[in-house]
2 protein chains.
Amino acid sequence: MMLWTVKAVGLGVVALALSLELLAWFLRRHRSGRTLNEVLFFPSELACVEQVFNPSSPHFPSSCSPSCPLPHGVETSFSRLLRRILSATSSLDLCVFSFSNMDLRRAVLALQSKGVTIRVLTDKEYAAITGSQIGVLRKAGICVRCDTASVYMHHKFAVVDSRLLITGSLNWTLTAVQSNKENILITEEPELVQPFIQEFHRLWVDNDPARHRYRASEPR
Amino acid sequence: MMLWTVKAVGLGVVALALSLELLAWFLRRHRSGRTLNEVLFFPSELACVEQVFNPSSPHFPSSCSPSCPLPHGVETSFSRLLRRILSATSSLDLCVFSFSNMDLRRAVLALQSKGVTIRVLTDKEYAAITGSQIGVLRKAGICVRCDTASVYMHHKFAVVDSRLLITGSLNWTLTAVQSNKENILITEEPELVQPFIQEFHRLWVDNDPARHRYRASEPR
């Protein structure tokens, strides 16, 4: 009888332990699978971003010109933004109103040279203003489309590898990075990323120049 | 012996059921406690928003002028944005570059008349442009501060009840709502909301006019 009592209690304890283990596993899985959420504010501190482009040479001056007057080895909002963009391994879909920042241009061209598929959607007017880097991207062979159907194509978002959303108030300009109060929100939350992927696809298709030519040749 | 076997199995089953119940409770709690995430794209469809302000009179024309030419009873990106703003019960912290939209002004004034504490932080230049509603808000007794330390105070975010973040590319203007390609991201995710609450607090304190006066009277 004593033996059976021990067995009964033992069985109960084993069942309880097993279930608690299951719960703990679920909690661990939930935590380790937690989506990335990050917010950056601007203006960014001024610092050399050479290290972001050449992480294998972390020590100044080997990674930078000896005459570079900027602080080195400082992590800033801008260096974090660059790192997130440079994390792309397969695709970068960029939908931005104004693009004149040379470091951001360098990041996009670096991705292109790594074989990342890049699509840029921008505003028809701002693509042509002085300082715009859109022409440089086009000359480098990057596929660029201009939105023609609205007053301003005012988005400022990027989707990295169809997984990571980078969005906010910040245009890809030097003033935005260094002089304005701006925000960038970075997230992997699918409920937030998926609508932006769909919107990019919609705008990309809507602004296919081939479609525009077809429309122009329709009977009037 | 038979009786003990039954008891042993019974105890084990009870323990297992109890543990599974615990797991199910956790899963339910996790689901029901899921954070709100929503994305809106603009331009918004044109529709009458009278119903958003008077939800108790849902039927046209009782909630609207009989001569209103806009579609009624249509849920649009703009009506959803208005609803999220109007959901405030205790506070609205608004940090916006340009504010000229009359419906958004009406929403802010409606919240004020309900006793919601409103703070508005805006850009020094854009607060004074033709069509800006910042002066109207000030005259209505709403506390407004202008950012003076940057080229542009370019944020476009609001925090509702220190809980819900509304942010994106959209300025609070008619063009943004009706004519531009814009986005608004709405989230309750604390990792995203908290940094914006802290940034608002920082900018609010930094732009306290009392501090500016104090600085001006400092020895030179």
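What follows describes a predicted model, taking the sheets, the loops and the interface in turn.

In chain A, seven strands make up an open sheet of mixed pairing, and their order across it is β1-β7-β6-β5-β2-β3-β4. The edge positions belong to β1 and β4 (143-147) of chain A; each has a single partner strand, so one side of each has no neighbour in the sheet. On average, and with direction ignored, neighbouring strands in this sheet are turned by 15° against each other. Within the sheet, strand β2 of chain A (residues 91-96) runs antiparallel to β5(A), and five bridges join the two.

Helix α3 of chain A, residues 77-86, lies across β1, β2, β5, β6 and β7 of chain A, and runs at about 135° to β1(A). The other helix is contributed by chain B: α7 (residues 190-206) of chain B packs on the sheet and touches β1 and β7 of chain A. The direction of this chain B helix makes about 20° with that of β1(A).

Chain B also has an open sheet of seven strands with mixed pairing, in the order β1-β7-β6-β5-β2-β3-β4. Its edges are formed by β1 and β4 (143-147) of chain B, and one side of each is left without a neighbour in the sheet because each has a single partner strand. Strand β3 of chain B, residues 117-123, pairs with β4(B) in the parallel sense over five bridges. In that pairing, B:T122 has B:C146 of β4(B) as its bridge partner. Helix α7(A) packs on this sheet, where it touches β1 and β7 (182-187) of chain B, and its direction makes about 20° with that of β1(B).

Some backbone details lie in the loops. The peptide bond from A:F42 to A:P43 is cis, with omega near 10°. A:P43 sits in the loop between β1 and α2 (50-53) of chain A. In chain B, the bond from B:F42 to B:P43 is cis, with omega near 10°, and B:P43 is in the loop between β1 (37-42) and α2 (50-53) of chain B. Another loop of chain A, the one between β5 and β6, holds A:S162. A:S162 is not a glycine, yet has a positive phi of about 50°.

The interface remains to be described. Contacts link 53 residues of chain A to 51 residues of chain B. The area buried between the two chains is about 4400 Å², with 69% of it given by carbon and sulfur atoms. Between chain A and chain B there are two salt bridges. One of them pairs A:K181 with B:D147, whose closest N and O atoms are 3.2 Å apart. There are also 22 residue pairs in polar contact between the chains, counting pairs with both residues at pLDDT 80 or more.

On the chain A side, the elements that give two or more residues are α1 (2-32), β1 (37-42), β5 (156-160), β6 (164-168), β7 (182-187) and α7 (190-206) of chain A. Of these, α1(A) gives the most, with 15 residues. By residue class, the side of chain A that touches chain B divides into 26 nonpolar, 17 polar and 10 charged residues.

Notes
Residues numbered from 1 in each chain as written. Chains lettered and ligands numbered in written order. Predicted model: local features only at pLDDT ≥ 70, side-chain atom pairs only at ≥ 80, totals over all residues. Heavy atoms only, no water. Contact = heavy atoms within 4.5 Å. Buried area = accessible area lost by both parts, 1.4 Å probe. Salt bridge = Lys/Arg side-chain N within 4 Å of Asp/Glu carboxyl O. Polar contact = N/O pair within 3.5 Å; in protein donor to acceptor, adjacent residues only side chain to side chain. Helix = DSSP H or I, 4+ residues; strand = E, 2+ residues; numbered from the N terminus. Nonpolar A, V, L, I, M, F, W, Y, C, P; charged D, E, K, R; others polar. Pairing = 2+ DSSP bridges. Axes fitted to C-alpha atoms, helices over the stretch in contact; angles between N-to-C directions.
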